[in-house]
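Hi everyone, thanks for coming. Today I'd like to walk you through one structure, starting with a pair of helices and then moving on to charged side chains. Please have a look at it first.

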Amino acid sequence: MTAFPKHLLEGYHAFATQRLPAEQNRYRELSVKGQFPEVMVIGCCDSRVAPETIFDVGPGELFVVRNIANLVPVYQPDGNAHGVSAALEYAVKVLKVKHIVVLGHAQCGGIRAFVDKIEPLTPGDFIGKWMQMFIKPGEVVEQRDRETMAQFVERIEKAAVFRSLENLMTFPFVRKAAESGEMQLHGAYFGVAEGTLFVLDQAAKEFRSVRDAA
């Protein structure tokens, strides 16, 4: 058997001796009563963008689903397996979350692969096929005149948040909860280098720095 990553074991021991004693009652309560998070976060798999770290939350506070480029597919009740859709179904219908946050971020590898139109990494081209849900049939995404590559990539990273919010509303149970006021949808964008959080002002359709608003 291969050796389990040593730094993970060391991390667990630190957790077990330092953090766990302070939160032991919370974990026991969660094990008996179950989870009741009010917020679902749809984030990216990127190791630099962990929602629990960014929002400094404890166990049981967030229901998180992560995938390449924090994308939400359109509602498609066919015979295929849909991981994000399954998580949404559980979050809305069972947990009855009050908020869904789509969390995009800077330097997103999935978005960069989409922008650069990279060759498939494997014959399955799983990343390429996954990223295709970002655009609508016939839609063209290109760099604008006088737009730098950095500006182009950031624009598309933020556009992915808008598209995921749009796709969320194609799910009947999400739309019903949102339109009735039982649940709210939010967009956010995390700047990795500076650790800055931007929250979407949906009326203005702009991301605004949380630090500026503080």
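Let's start where two helices meet: Ile 111, Arg 112, Phe 114 and Val 115 in α4 touch Met 149, Phe 152, Val 153, Ile 156, Glu 157 and Ala 160 in α6. Contact here means heavy atoms within 4.5 Å. Sorted by class, this contact of α4 with α6 has eight nonpolar, no polar and two charged residues. For the classes, Ala, Val, Leu, Ile, Met, Phe, Trp, Tyr, Cys and Pro count as nonpolar, Asp, Glu, Lys and Arg as charged, and the others, Gly among them, as polar.

Before going on, a word on where this comes from. This is a predicted model, in which local features need pLDDT of at least 70 and side-chain atom pairs count only at pLDDT 80 or more, while totals for chains, interfaces and linings use all residues. Residues are numbered from 1 along each chain as its sequence is written, and side-chain values use heavy atoms, leaving out hydrogens and water.

Back to our helices, which are DSSP runs (H or I, at least four residues) numbered from the N terminus. At what angle do α4 and α6 pack? Helix α4 covers residues 109–116 and helix α6 residues 149–168, and they pack at an angle of about 120°, with their axes 10 Å apart. The axes are lines fitted to C-alpha atoms over the stretch in contact, and angles run from 0 to 180 degrees between N-to-C directions. α4 and α6 are therefore oblique to each other, oblique being what remains after under 35 degrees (roughly parallel), over 145 (roughly antiparallel) and 65 to 115 (roughly perpendicular).

Now for the charges. Side chains of opposite charge can pair when their charged atoms come close. We call it a salt bridge when a side-chain nitrogen of Lys or Arg is within 4 Å of a carboxyl oxygen of Asp or Glu, and the count comes to 15 salt bridges.

Look at Glu 29 in helix α1. Glu 29 pairs with Arg 26, with the closest N and O atoms 3.8 Å apart, and also with Lys 33, at 3.7 Å. Arg 26 and Glu 29 are three residues apart in α1, so about one helical turn separates them; Glu 29 and Lys 33 are four residues apart, again about one turn.

Buried or exposed: which is Asp 46? Asp 46 is buried, at 14% relative accessibility (buried is under 20%, exposed over 50%, partly exposed in between, with a 1.4 Å probe and protein chains only). Its salt-bridge partner at 2.6 Å is Arg 48, which is partly exposed at 41%.

Finally, Lys 136, Glu 139, Arg 163 and Glu 166 are linked in a network of salt bridges.
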